[in-house]
Amino acid sequence: MMRILLFLATNLAVMVVAGIVLNLLGVGSILQANGVDLNLANLLVFCAVFGFAGSFISLFLSKTMAKMGTRTQIIETPRSAHEKWLLDTVAELSQKAGIKMPEVGIFPAQEANAFATGWNKNDALVAVSEGLLTRFRPEEVRAVLAHEIGHVANGDMVTLTLVQGVVNTFVMFFARIIGHTVDRFLSSNDEENSGGHGIAYFVTTLIMEILFGILASFVVAWFSRRREYRADEAGARLASKDAMISALQRLKAEYEMPSSMPDQLVAFGIRGGLKGGLAALMASHPPLDERIQALRQL
């Protein structure tokens with residue numbers, strides 16, 4: 001799912017840059033210890049402010065990043081019957097879902113794909129790839145659009161932002177505790193450093209933020225996988241269960257074809273062959289077989 005990958009990349013970049021800037025500006029002095037103890041309450045508030053700031057910046061940049069990252073062309077005035085049908089279908093599904101008509105776009109990719117993003121359900125973007133429009137049947141395209149509109153109507157990006165904000169808070173919190181501990185251990189015999197933090201604090205904190213940030217992405221990916229089932233249900237409700245299953249089966253068939261370019265499909269988070277291990281923990285989507293089975297049991 002492109003929106004998840006862009007969101008995570010933007011969020012991690014914001015967090016790393018914020019950490020570097022804060023350290024360079026000496027803001028970390030707020031968290032200096034009295035003796036050997038940190039003020040954990042102040043530290044937690046400090047980390048929450050900047051942790052949620054990173055995730056909300058990512059949210060507000062999500063549409064811009066998605067357009068730039070995928071080279072999506074927004075349809076202002078339809079230039080073909082294909083584009084008119086796309087606009088009309090999104091308008092119909094949006095009204096059915098009870099949300100404002102999102103921006104609609106097409107991005108130049110031969111892999112069958114689609115995404116939705118935006119900072120709230122009434123200011124969203126829904127885009128599909130040229131490959132999906134070319135090869136999928138109209139009812140399958142409609143089901144994919146319904147799935148993406150389901151993400152918007154369910155408020156998944158906002159909920160993801162709140163989850164990411166909590167995760168960011170604890171990433172910064174524990175990284176600074178470890179950085180402080182390492183710094184105090186290394187400088188315990190250095191009287192000059194007894195009143196502040198040494199270089200070990202800044203280096204350790206930065207390294208731990210990156211490592212914890214990667215581990216935290218497992219939590220976000222797990223949450224994303226849970227939301228995919230709900231979006232599939234929304235697609236089945238707004239379009240039809242049979243069409244939604246058919247669209248997922250078409251995705252699965254394209255993935256299994258040698259010419260389906262699996263690396264690109266994995267990058268968009270729609271790979272259906274993950275069985276376990278680290279790759280499965282990082283996947284933003286459940287395996288396609290599991291999604292199809294869940295729809296059949298509705």
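# Close-up views of helix packing and selected residues

**Figure 1. The crossing of helices H8 and H12 is right-handed.** The model shown here and in the other views is predicted. Helix H8 spans residues 199–238 and helix H12 spans residues 288–296; the two pack at an angle of about 50 degrees, and their axes are 10 Å apart. At that angle H8 is oblique to H12. On the H8 side, the contact is made by Glu228, Tyr229, Asp232, Glu233 and Ala236. On the H12 side, Glu290, Arg291, Ala294 and Leu295 take part. By class, the residues of this contact are 4 nonpolar and 5 charged, with no polar residue.

**Figure 2. Arg296 lies in helix H12.** With a relative accessible area of 48%, Arg296 is partly exposed. The value does not reach the exposed class because that class requires over 50%. Leaving aside neighbours within four places in sequence, Arg296 is in contact with Lys241, Ile245 and Gln249. Asp242 is 54 residues away from Arg296 along the chain, and the C-alpha atoms of these two residues are separated by 8.7 Å.

**Figure 3. Helices H7 and H8 pack at an angle of about 155 degrees.** Helix H7 covers residues 156–186, and its axis is 7 Å from that of H8. The angle makes H7 roughly antiparallel to H8, since angles over 145 degrees fall in that class. H7 passes H8 in a right-handed crossing. The contact between H7 and H8 comprises 19 nonpolar, 7 polar and 5 charged residues.

**Figure 4. The UniProt annotation "transmembrane region", from an unreviewed entry, covers residues 43–61, 157–179 and 199–223.** Two of these spans are described here.

**Figure 5. Thr204 sits in helix H8.** Is Thr204 buried or exposed? At 15% relative accessibility, Thr204 counts as buried, because the class takes values under 20%. Apart from neighbours within four places in sequence, Thr204 is in contact with Ile178, Gly179 and Val182. Arg176 is 28 residues from Thr204 along the chain, with 8.2 Å between the C-alpha atoms of the two.

**Figure 6. Helices H6 and H8 pack with their axes 7 Å apart.** The angle between H6 and H8 is about 125 degrees, which makes H6 oblique to H8. H6 passes H8 in a right-handed crossing. From H6, the contact involves Arg142, Ala143, Ala146, His147, Ile149, Gly150 and His151. From H8, it involves Arg227, Glu228, Ala231, Asp232, Ala234, Gly235 and Leu238. The residues of the contact of H6 with H8 divide into 6 nonpolar, 4 polar and 4 charged. Glu228 and Asp232 of H8 belong to this contact and also to the contact with H12.

**Figure 7. UniProt places the feature "active site" at Glu148.** The entry that carries this annotation is unreviewed. Glu148 is in helix H6, which runs over residues 138–153. The residue is buried, with a relative accessible area of 6%. Not counting residues up to four places away in sequence, Glu148 touches Ala114, Phe115, Ala116 and Val126.

**Figure 8. Arg71 has a positive phi of about 55 degrees.** Arg71 is not a glycine. Most residues other than glycine have a negative phi. Arg71 lies in the loop between helix H3 (62–70) and strand E1 (73–74). Its relative accessible area is 56%, so Arg71 is exposed.

**Figure 9. The protein chain comprises 12 helices and 4 strands.** This view puts the close-ups in the setting of the chain. Of its 298 residues, 49% count as buried; Glu148 and Thr204 are among the buried residues. Of the contacts in the chain with a separation of 6 or more, 71% are between residues 24 or more positions apart.

Key
Residues are numbered from 1 along each chain as its sequence is written. This is a predicted model: local features need pLDDT of at least 70, side-chain atom pairs count only at pLDDT 80 or more; totals for chains, interfaces and linings use all residues. Side-chain values use heavy atoms; hydrogens and water are left out. Axes are lines fitted to C-alpha atoms, for helices over the stretch in contact, and angles run from 0 to 180 degrees between N-to-C directions. Angles under 35 degrees count as roughly parallel, over 145 as roughly antiparallel, 65 to 115 as roughly perpendicular and the rest as oblique. A crossing is left-handed if the near helix is turned anticlockwise from the far one by less than a right angle, and right-handed if clockwise. Contact means heavy atoms within 4.5 Å. Ala, Val, Leu, Ile, Met, Phe, Trp, Tyr, Cys and Pro count as nonpolar, Asp, Glu, Lys and Arg as charged, and the others, Gly among them, as polar. UniProt positions are given in the numbering used here, feature names are shortened, and annotations may be inferred rather than shown by experiment. Buried means under 20% relative accessible area, exposed over 50%, partly exposed in between (1.4 Å probe, protein chains only).
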